[in-house]
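Me: I would like to learn how to read salt bridges in a model such as this one. Could we go through it step by step?
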Amino acid sequence: MRALVHDEFGDPATVLSVRDVPLPEPRPGQVRIRTLLAPIHNHDLWTVKGDYGYKPSLPAASGSESVGVIDALGDGVSGFEVGQRVATGAAFGTWAEYFVASASGLLPVPDLVSDEAAAQLFAMPFSAVTLLEYLDVEPGQWVIQNTANGMVGRLVAQLAKARGVNVVGIVRRSAAVDELAAAGVTDVVSTDTDGWREKAATFAGEEGFAAAIDSIGGPASTDLAELLGSRGTFVSFGAMSAPGAGQKALLEIPVNAAIFKELTVKGFWGRTVSQEMSPTKRADLMREVIDSVTAGRITLPVDGVFPLAEIASAVGASGTPGRSGKVLLRP
């Protein structure tokens with residue numbers, strides 16, 4: 001079969017190439033899946049660069065999420081059948097014609113969900129709903145987040161609305177305010193306008209925001225921390241301010257805000273949070289995602305679909321500023 005493989009860590013557009021590799025055989029408890037579509041996520045690209053929390057042995061496969069059709073069952077697998085369409089976000093090597101995955105991490109895909117949406121169910125929507133759960137906020141409370149026009153940011157706002165939680169988004173471009181409004185996300189402030197901090201603060205009133213989601217780091221952390229209310233929760237979700245390879249982004253949280261507001265500061269890594277969650281809770285949250293997709297409460301747009309051989313172009317498209325949807329790979 002054909003698969004995207006890299007022999008060294010580095011720029012995914014350069015180090016990844018299509019190879020002929022042996023067709024994998026499912027071990028007990030696993031299934032083999034014929035890939036239909038697989039998304040490109042930032043964490044996939046960071047893994048290829050060698051900058052993620054998981055660092056595979058070289059030469060390494062790539063990709064972590066997919067929708068596909070079960071091609072073979074390993075020993076002991078029940079509840080699934082060959083030919084069934086499933087999605088998974090708990091596999092490795094999905095940027096290939098076939099891959100193997102644990103049956104316990106598979107989600108049967110309802111007929112109402114398209115391949116394009118099913119390919120994206122885990123990393124982004126599930127991360128968003130898990131992040132909301134992690135914040136532990138109540139209906140009526142206010143949350144503030146930066147990079148609100150990113151996929152997770154938009155999904156957090158859409159999912160929170162159904163829960164009765166208020167979310168204010170921070171973006172860097174005024175044009176993004178209109179883009180989000182078209183997706184039903186209206187409480188958005190752009191940092192390229194005068195007085196944006198004061199405008200953001202008016203949403204939550206005197207109590208301030210109960211929680212903040214920071215996907216940037218650096219000075220952006222300061223802005224969010226100062227908007228939090230007493231005993232607010234600051235969650236670090238990403239590090240877009242990272243200077244470059246080998247260098248680390250820093251959280252810049254004012255000492256006065258941390259002490260006198262008694263802030264709680266913690267990081268969120270969806271992989272660990274999901275692993276530590278009970279199977280019942282995971283099932284409940286995934287059901288919330290599926291119901292939201294089928295009801296149209298959340299949207300999962302696609303910006304482009306590329307064949308494996310055009311991985312360099314796909315990586316470039318994935319990094320395009322202002323991109324509104326996911327970039328997918330099709331074997």
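Me: Is E262 buried, partly exposed or exposed, and with what relative accessible area?

Reply: Bearing in mind that this is a predicted model, E262 is partly exposed, its relative accessible area being 44%.

Me: With which residue does the side chain of E262 meet in a salt bridge?

Reply: Side chains of opposite charge can pair when their charged atoms come close. Here the side chain of E262 meets that of R231, at 3.3 Å from N to O. This pair links distant parts of the chain, since R231 is in strand β12 (residues 228-236) and E262 in the loop between α9 (255-260) and β13 (264-267), 31 residues apart. R231 counts as exposed, at 59% relative accessibility.

Me: Which helices hold D223 and R197?

Reply: The side chains of D223 and R197 form a salt bridge of 3.1 Å, N to O. D223 lies in helix α8 (residues 219-227) and R197 in helix α7 (residues 196-204), so the pair ties together parts that are 26 residues apart in sequence. D223 is buried, with a relative accessible area of 18%, whereas R197 is partly exposed at 41%.

Me: How many salt bridges does the count come to, and which residues do shared partners join into one network?

Reply: The count comes to 12 salt bridges, and those that share partners join E133, R163, K281 and E288 into one network.

Terms used. Residues are numbered from 1 along each chain as its sequence is written. This is a predicted model: local features need pLDDT of at least 70, side-chain atom pairs count only at pLDDT 80 or more; totals for chains, interfaces and linings use all residues. Side-chain values use heavy atoms; hydrogens and water are left out. A salt bridge is a side-chain nitrogen of Lys or Arg within 4 Å of a carboxyl oxygen of Asp or Glu. Helices (H or I, at least four residues) and strands (E, at least two) are DSSP runs, numbered from the N terminus. Buried means under 20% relative accessible area, exposed over 50%, partly exposed in between (1.4 Å probe, protein chains only).
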